[in-house]
Amino acid sequence: MENLLLIANAVIILILLAMTWWYAHSTSSLLHRSQDQVAGIQRQAVAKIEELHASYTRILREIEERQQAEERLEESEARFAAFMRHLPGMAEMRDTNGRYLFVNETWEKIFARNPDDCRGKTLEEVWPPDFASRFMELDRRIIEDGHPLENIENLDQNGRTYSWLITRFPILNQENQAVMVGAIGIDITARRQAEEALKASEQKLRSLTAQLLSAQEIERKRLAAELHDELGHSLLTLKLRLESLEEQLQPQQVSLKKEVQKILRFISQTIGEVRRLYLDLIPGDLEDLGLTAALHSLIEDFIDLQKQISWEVEVDNLDGLFPLPIQTAIYRVVQEALTNIGKHAKPTQVALSISKDQDKVLFTIKDNGGGFDANKVFAQKKTLGLLSMEERVKILGGTFNLWSQKNQGTKISFSIPLSKEGYLL
Ligand SMILES: Nc1ncnc2c1ncn2[C@@H]1O[C@H](COP(=O)(O)OP(=O)(O)OP(=O)(O)O)[C@@H](O)[C@H]1O
Ligand SMILES: [Mg+2]
């Protein structure tokens with residue numbers, strides 16, 4: 001019994017031991033499993049924390065970048081504002097519906113308007129209808145064409161009219177579409193006034209030159225008439241008297257006769273020279289035969305004097321195109337060009353062409369002679385020939401061009417308009 005009890009106790013102990021072992025074993029595997037779960041949770045937590053950290057850093061970076069961008073924007077706006085404040089002209093920006101986005105201080109002063117009164121307002125709200133529709137039309141063209149547009153506007157301010165040179169331009173987005181219209185204007189009133197004053201003084205100077213040149217022509221005519229009527233007549237009388245004296249000489253007065261004949265030859269020569277002098281002074285053929293014949297005769301005289309040169313001449317008929325003072329001026333310019341060739345060029349070829357077109361006559365005189373440095377000659381202001389050629393052409397409302405190069409010859413071309421409005425003579 002005792003044994004049985006012992007055995008039963010032993011069995012119970014064994015059972016208890018087995019249960020304890022099983023319990024311990026299952027508890028330890030449970031522990032193992034929950035440890036794995038904890039580790040998994042830990043890993044997930046770490047991953048989440050890392051993720052959170054990354055997004056936190058990204059957000060921080062983005063905030064920093066945004067701050068930097070805002071700072072850059074502020075700086076750039078400050079720069080833009082400084083530029084606009086100190087811009088000597090006016091500046092404005094509108095959206096594509098003609099709504100003001102920006103105007104600078106100069107704009108504000110010129111139009112005596114507070115920028116806050118225009119910002120956000122349309123052209124129609126700011127300007128009278130005629131102005132507004134003109135500006136809107138300009139904006140429309142700029143937006144459509146995508147090109148800047150420059151024009152001069154006369155604007156009234158404080159009872160005076162000011163001239164503004166205004167450049168309007170499209171402001172494009174990244175797709176190259178116009179999203180705004182910008183405009184910058186510069187006050188050119190003083191410049192325009194100076195230009196007009198200069199023009200007026202040039203005009204005065206030119207009309208003074210015109211008067212001087214016509215006074216010179218009158219004086220030349222008077223001198224030529226005196227040479228012809230007084231000196232020419234006296235020489236002719238002298239010649240006739242000497243001829244009658246010669247006839248009265250006795251045949252034996254041989255040496256006296258020889259002396260008289262010598263004097264007669266000398267007088268004839270002098271008469272010829274006086275004739276040449278007064279013909280030089282007035283283009284004689286001009287009044288009698290007209291410009292074309294006078295020019296032909298002038299050119300032939302030069303050809304006769306310079307037979308070694310090969311001449312190429314083409315002259316259109318100019319008769320009836322110009323009044324006499326203009327014809328004289330044209331004759332003088334051609335005469336001076338040919339005289340210069342004779343005096344300075346030493347060419348082997350000369351080409352002269354006078355051609356008439358619908359509204360002007362074009363003159364070209366070209367030689368292949370020594371040429372010269374035109375800038376130097378004009379700067380020295382020592383000679384009159386070229387200057388008076390240019391002045392004469394300008395007085396006639398024409399254009400004058402001179403090309404010359406050392407050892408390459410000279411080309412003078414000028415045109416005279418057929419309409420009489422430009423003539424100052
Ligand atoms: N066709 C030409 N070929 C070479 N040199 C020329 C020619 N035309 C003008 N020149 C040069 O230009 C200079 C200025 O010419 P311009 O006609 O003004 O004066 P000029 O003939 O010397 O004197 P003038 O005042 O009497 O006409 C000349 O001295 C000469 O050196
Ligand atoms: Mg000359």
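**Entry 1**

I began with strand β1 (residues 90–95) and strand β2 (residues 100–103), which pair in the antiparallel sense over 3 bridges. I note for all entries that this is a predicted model. Looking for the bridge partner of Arg 94 in β2, I found Tyr 100. The hairpin of β1 and β2 has 4 residues between the strands, and Gly 98 takes a positive phi near 75 degrees there.

**Entry 2: the sheet that holds this hairpin**

I then followed β1 to its pairing with strand β5 (residues 178–187), which is antiparallel and runs over 6 bridges. Here I recorded that Met 90 stands opposite Gly 185 in β5. I traced the order of the open sheet as β2-β1-β5-β4-β3, which makes 5 strands with antiparallel pairing. Which strands are at the edge? I identified them as β2 and β3 (149–157), each of which pairs on one side only.

**Entry 3: Asn 176**

I looked up the loop between β4 (160–172) and β5, where Asn 176 is found. Its phi is near 70 degrees, a positive value in a residue other than glycine. Is Asn 176 buried or exposed? I counted Asn 176 as exposed because it has 8 C-beta neighbours inside 10 Å, and a residue with 12 or fewer is classed that way.

**Entry 4: division into domains**

I listed the domains as domain 1 (1–80), domain 2 (87–187), domain 3 (194–282) and domain 4 (289–425). For the centres of domain 1 and domain 4, taken over C-alpha atoms, I recorded a separation of 108 Å.

**Entry 5: the mixed sheet**

I turned to an open sheet of 5 strands in the order β6-β7-β8-β10-β9, and I noted that its pairing is mixed. Why is one side of β6 and of β9 left without a neighbour in the sheet? I found that β6 (310–315) and β9 (399–405) stand at the edges, each with a single partner strand, so one side of each has no neighbour in the sheet. Direction ignored, I recorded that neighbouring strands of this sheet are turned by 5 degrees against each other on average.

I went through the pairings next. β6 and strand β7 (residues 349–356) run parallel and are joined by 6 bridges; the bridge partner of Ser 310 in β7 is Gln 349. From β7 I moved to strand β8 (residues 360–367), which runs antiparallel to β7 and is joined to it by 7 bridges. I saw that Ser 355 stands opposite Leu 362 in β8, and that β7 and β8 form a hairpin with 3 residues between them. For β8 and strand β10 (residues 409–417), I recorded antiparallel pairing over 8 bridges, with Lys 360 opposite Pro 417 in β10.

**Entry 6: helix α10**

I checked the span of α10, which has 22 residues. The helix reaches 30 Å from its first C-alpha to its last, close to the 32 Å expected at 1.5 Å a residue. Among its buried residues I listed Gln 327, Ile 330, Val 333, Val 334, Leu 338, Asn 340 and Ala 345.

I classed Ile 341 as buried because 23 other C-beta atoms lie within 10 Å, where 20 or more are required. The C-alpha atoms of Ile 341 and Arg 85 are 61 Å apart, and I noted that 256 residues separate the two along the chain.

After the helix comes Lys 346, which lies in the loop between α10 and β7. I recorded a positive phi of about 50 degrees for Lys 346, although it is not a glycine. I classed Lys 346 as partly exposed because it has 14 other C-beta atoms within 10 Å.

**Entry 7: the shell around ligand 1**

How many residues surround ligand 1? I found 16, and the closest are Asn 340, His 344, Ala 345, Thr 383 and Gly 385. I noted that α10 (324–345) and α12 (385–395) each supply at least two residues of this shell. The largest share, 5 residues, comes from α10. By type, I divided the shell into 6 nonpolar, 8 polar and 2 charged residues. Among the closest residues are Asn 340 and Ala 345, and both are also buried residues of α10.

Methods
Residues numbered from 1 in each chain as written. Chains lettered and ligands numbered in written order. Predicted model: local features only at pLDDT ≥ 70, side-chain atom pairs only at ≥ 80, totals over all residues. Near = placed C-beta within 6 Å. Nonpolar A, V, L, I, M, F, W, Y, C, P; charged D, E, K, R; others polar. Expected span 1.5 Å × (residues − 1). Pairing = 2+ DSSP bridges. Domains from an automatic or database assignment. Axes fitted to C-alpha atoms, helices over the stretch in contact; angles between N-to-C directions.
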